Structure formats: C-alpha cells, structure tokens
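Please read the following explanation alongside the sequence and the model. It begins with a single residue and then turns to a sheet and to the confidence of the prediction.

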Amino acid sequence: MRFSQIAAAYATALLMAGTAPAQSQQETPHISLELNKLEASGTACRLSFVMENRSSQDIDAASYEIVVFGKNDVINQMSVFDFGVLPQDKTIVRQFELSNLTCEGTGKLLINGPAGCSTEFVSGHCTTPLSLQSQTSVSLIQ
C-alpha cells in the first residue's frame, strides 16, 4: 500500500470510531411514550398516546400509574393506564377516556411509574426507561 492509501484507511477508521458511541447511545433500549392528542368526548377527555417499544424484548403487559394535574397544579385524577401488549420494535396507539375531566383544564400528566410490578412478576416495562414527548399543550413528565 502507498502512504496515501494507508492515510485514507486510517482516517476512515478514525471517523467510524468517532461515530460509534453516538450510534450506540441512540440504540439504548427504551419505551417511547408520546401524548399525541387530547379531545373532548362528552363529559370526558380522550387522551391518545403513541408508544414505541424500542427495548430488546416483547412486553406482554404494560401499565403505568398516571396523575392528571389541572392548570393550577392541583391533582385532578390518578389512574392506572393499561397499554396492553407492546411488541418489540412496533408502534401502537392507545386511547383512554377520563370521565369528569375537561381537556382544556388539564395542565400536565405525571407518569408516576410502572404499575403491576413485583418481585414475582417483572415485566419488561418495569425496568425499561421511558422516553417522553407531547404533541399537545399538556406536558408529559416523570
């Protein structure tokens, strides 16, 4: 090999090595939870979520305890949302209707934590980190 070929191969190897950590950080196993839409439904507020299971396994059952705060930061409701089965590398949409709740009065949703977890039953959602996002004016926090 000539010097220019060796130098080019070395530069390419350095560039690839420099991008490897960034790629592995993006591939960290997680569950993505997005509050996509809120809409009035009679005397209820319908919440639409988009979830992506980016963990390394199918999840047979996923439930989260969610606290709904009003715009005045006072707790309005606390409930367990059962998102059901989350196949690996799959996107799903789930909707929940919360009665006696106005969408306009909702300020934020707190993901209090995974529900249904115990030492006897450790579902993948119990240990997989959540990545949160909201497409609405209502923030989604943990």
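**A buried asparagine and an open sheet**

N53 has a relative accessibility of 1% and therefore counts as buried, the cut-off for this class being under 20%. The model in which this value was computed is a predicted one. In the chain, N53 belongs to strand β2, which covers residues 44-54.

The surroundings of N53 can be listed by contact. Leaving aside residues up to four places away in sequence, N53 touches H30, I31, D58, I59, L86, P87, Q88, D89 and K90. With L86 there is also a polar approach: a polar atom of the N53 side chain lies 2.7 Å from the backbone oxygen of L86.

The next element to follow is a sheet. Four strands form an open sheet in the order β4-β3-β6-β8, and their pairing is mixed. Its edges are β4 (75-86) and β8 (139-141); each has a single partner strand, so one side of each is left without a neighbour in the sheet. On average, neighbouring strands of this sheet are turned by 25 degrees against each other, with direction ignored.

Within this sheet, strand β3 (residues 59-70) and β4 run antiparallel and are joined by nine bridges. F69 is found opposite I75 of β4.

Confidence remains to be considered. The average pLDDT of the chain is 83, and 77% of the residues score at least 70. Residues 3-25 have a pLDDT below 50, and this stretch has one contact in the model beyond near neighbours in sequence.

Technical notes:
Residues are numbered from 1 along each chain as its sequence is written. This is a predicted model: local features need pLDDT of at least 70, side-chain atom pairs count only at pLDDT 80 or more; totals for chains, interfaces and linings use all residues. Side-chain values use heavy atoms; hydrogens and water are left out. Helices (H or I, at least four residues) and strands (E, at least two) are DSSP runs, numbered from the N terminus. Buried means under 20% relative accessible area, exposed over 50%, partly exposed in between (1.4 Å probe, protein chains only). A polar contact is a pair of N or O atoms within 3.5 Å; within protein, one must be able to donate a hydrogen and the other to accept it, and residues adjacent in sequence count only if both atoms are side-chain atoms. Contact means heavy atoms within 4.5 Å. Two strands pair if DSSP finds at least two bridges between them. Axes are lines fitted to C-alpha atoms, for helices over the stretch in contact, and angles run from 0 to 180 degrees between N-to-C directions. pLDDT is the predictor's confidence in each residue, from 0 to 100.
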